[in-house]
Amino acid sequence: MMGIVFGTSGWRGILCEDFIMDNVRVVVRAIADHLIASGEGHKGVIVGCDTRFMGQRFACEAARVLAGAGVKACLCERDAPTPVIAFEILRRHAAGAVNFTASHNPPEYNGVKFSPSWGGPALPETTKDIEQRANRMAGAPCGATLSLEEASDRGLLERIDPRPAYLQALEEKVDFDAIAHLGKVALDPLYGTGRGYLDEPLKRRGIPYVMLNDHLDPCFGGQPPEPSESHIPDFIALVRNDPAIRLGLATDGDADRFGILDSDGSFIEPNYIIALLLNYLIRVRRLSGGVARSVATSHLVDAVARKHGVPVFETPVGFKYIGELISQDKIIIGGEESAGLTIKGHVPEKDGILACFLVAEMVAREGKSIRELLEDLYAEVGRFITRRDNLKLSPRLEEEYADKITALPEEVAGVKVKEVIRIDGTKLLLEDGSWMLFRKSGTEPVVRLYGEAATEARLEEVMAAGRQFILG
């Protein structure tokens with residue numbers, strides 16, 4: 001058995017290489033033992049999956065392993081979005097959830113994500129314990145399992161449909177009556193779990209919509225199921241070529257990330273969506289509290305927060321840190337540049353479905369396109385332009401990286417470094433308000449370079465300086 005290592009959103013691997021049934025059984029047994037040791041094994045566990053190859057089979061096997069350990073499994077009847085599973089944890093007061101998903105990763109991947117009883121992604125101290133338990137069982141039997149029939153007979157298996165309760169809760173968090181006046185909407189669940197969630201609330205109200213990629217395809221059309229500009233050319237073309245469409249709404253494979261197209265088919269970066277929604281939720285919804293963003297997310301969020309006098313919480317990358325702040329009721333909205341967000345009173349987990357509908361509500365109530373809303377915001381708080389590049393390291397550069405990142409320049413592209421932030425990677429704040437961030441991948445020889453500035457020209461200077469510093 002290969003070593004089990006949990007990343008920011010669980011353990012992921014390539015099917016038929018390390019992500020095999022024996023390893024899955026060991027990881028699920030480790031989760032069961034963790035819950036029993038923490039005194040929560042009696043509360044039951046939600047078990048779900050996204051639309052990836054073998055997802056339902058893995059979920060059923062997980063239910064058998066949990067039942068064999070004496071832990072009740074609440075098994076989702078069909079593929080379920082990650083935020084829906086999080087909602088169900090809280091609704092049932094469950095011990096947590098075992099979710100088979102690799103989110104937006106390419107189709108050859110699958111993964112196991114454990115979410116504890118508070119509903120957000122597991123924190124490092126939890127995943128470390130599960131890792132250690134799993135790796136101690138390497139190559140050994142993972143304990144008894146029960147058949148699904150026997151588990152059901154013993155009251156250790158319940159088949160559930162979490163969709164109705166989640167959709168009902170969504171009705172309380174989104175103004176669908178406003179969306180009803182928006183006009184035609186385009187939807188793209190990218191062959192994932194957003195089917196029946198993005199479309200159902202619109203269908204109920206007779207809101208016109210057109211839907212793309214709404215059938216099961218474990219290969220996701222040959223693309224990673226990520227609603228980023230480079231992976232949705234068919235969706236962009238659909239919106240661009242239909243003048244009746246007011247908005248394009250997309251979700252990734254497990255519907256925890258969002259992708260937004262304006263009425264002309266232009267892709268709107270998630271950074272800007274988070275800032276726009278913060279402004280909208282304070283100004284129109286009158287919500288109170290702070291805002292959380294990851295260290296890699298646009299400071300446009302900070303500018304909006306300053307405008308309204310609310311605090312900003314800067315977190316490491318990984319939604320668990322933002323989810324914790326939601327659980328503590330400290331923030332109105334929390335978001336990451338990688339297209340994850342949630343809001344006050346909702347689950348402490350990324351929710352692409354909610355994000356899509358909040359954007360639709362905002363556009364409907366404001367009566368303007370997203371681009372117009374963004375220009376209005378820029379006029380009030382200033383312009384922020386962001387970018388991310390992946391820098392591949394040679395073996396020599398990878399060996400030198402740790403030393404290089406400790407000997408930082410005093411200025412970048414002619415501007416002095418004002419502050420260095422090391423909560424996740426190395427972030428250089430410059431005196432003119434621009435910044436850059438270096439984050440090294442833990443799985444490949446790549447440094448992710450993030451940058452932001454007030455103009456395209458200045459941003460290019462900052463990014464060029466970052467590339468030169470890392471690559472020489």
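Student: How many bridges join strand 18 to strand 19?
Tutor: Four bridges join them, and the strands run antiparallel. Keep in mind that this is a predicted model. Strand 19 covers residues 426–430.

Student: Which residue in strand 19 is the bridge partner of Val-420?
Tutor: Leu-428 is the bridge partner of Val-420.

Student: And what sits between strand 18 and strand 19?
Tutor: Four residues, and the two strands form a hairpin. Look at Gly-425 in the turn: its phi is positive, about 80°.

Student: What about strand 17 and strand 18, parallel or antiparallel?
Tutor: Antiparallel, over two bridges. Strand 17 is residues 411–412, and strand 18 is residues 415–421. Glu-411 has Lys-416 in strand 18 as its bridge partner.

Student: How many residues lie between strand 17 and strand 18?
Tutor: Two, in a hairpin. Ala-413 in that turn has a positive phi of about 50°.

Student: Switching to helices. At what angle do helix 3 and helix 6 cross?
Tutor: Roughly 95°, with their axes coming within 10 Å. So helix 3 is roughly perpendicular to helix 6. Helix 3 is residues 82–92, and helix 6 is residues 163–173.

Student: Which residues in helix 3 and helix 6 meet?
Tutor: Helix 3 brings Pro-83, Val-84, Phe-87 and Arg-91. They meet Ala-165, Tyr-166 and Ala-169 in helix 6. The residues of this contact divide into six nonpolar, no polar and one charged.

Student: Where do I look for helix 11 and helix 14?
Tutor: Residues 300–308 for helix 11 and residues 370–381 for helix 14. Their axes come within 10 Å and cross at roughly 65°.

Student: Is the crossing of helix 11 and helix 14 left-handed or right-handed?
Tutor: Left-handed. On helix 11, Leu-300, Ala-303, Val-304 and Lys-307 take part in the contact. Their counterparts in helix 14 are Leu-374, Leu-377, Tyr-378, Glu-380 and Val-381. That contact has seven nonpolar residues, no polar ones and two charged.

Student: Last topic. How many salt bridges does the structure hold?
Tutor: The structure holds 42.

Student: Where are Glu-158 and Lys-72 in the chain?
Tutor: In distant parts, 86 residues apart. Glu-158 is in strand 6. Lys-72 is in the loop between helix 2 and strand 3.

Student: Why can side chains like that pair?
Tutor: Side chains of opposite charge can pair when their charged atoms come close.

Notes
Residues are numbered from 1 along each chain as its sequence is written. This is a predicted model: local features need pLDDT of at least 70, side-chain atom pairs count only at pLDDT 80 or more; totals for chains, interfaces and linings use all residues. Side-chain values use heavy atoms; hydrogens and water are left out. Axes are lines fitted to C-alpha atoms, for helices over the stretch in contact, and angles run from 0 to 180 degrees between N-to-C directions. A crossing is left-handed if the near helix is turned anticlockwise from the far one by less than a right angle, and right-handed if clockwise. Contact means heavy atoms within 4.5 Å. Ala, Val, Leu, Ile, Met, Phe, Trp, Tyr, Cys and Pro count as nonpolar, Asp, Glu, Lys and Arg as charged, and the others, Gly among them, as polar. Two strands pair if DSSP finds at least two bridges between them. Angles under 35 degrees count as roughly parallel, over 145 as roughly antiparallel, 65 to 115 as roughly perpendicular and the rest as oblique. A salt bridge is a side-chain nitrogen of Lys or Arg within 4 Å of a carboxyl oxygen of Asp or Glu.
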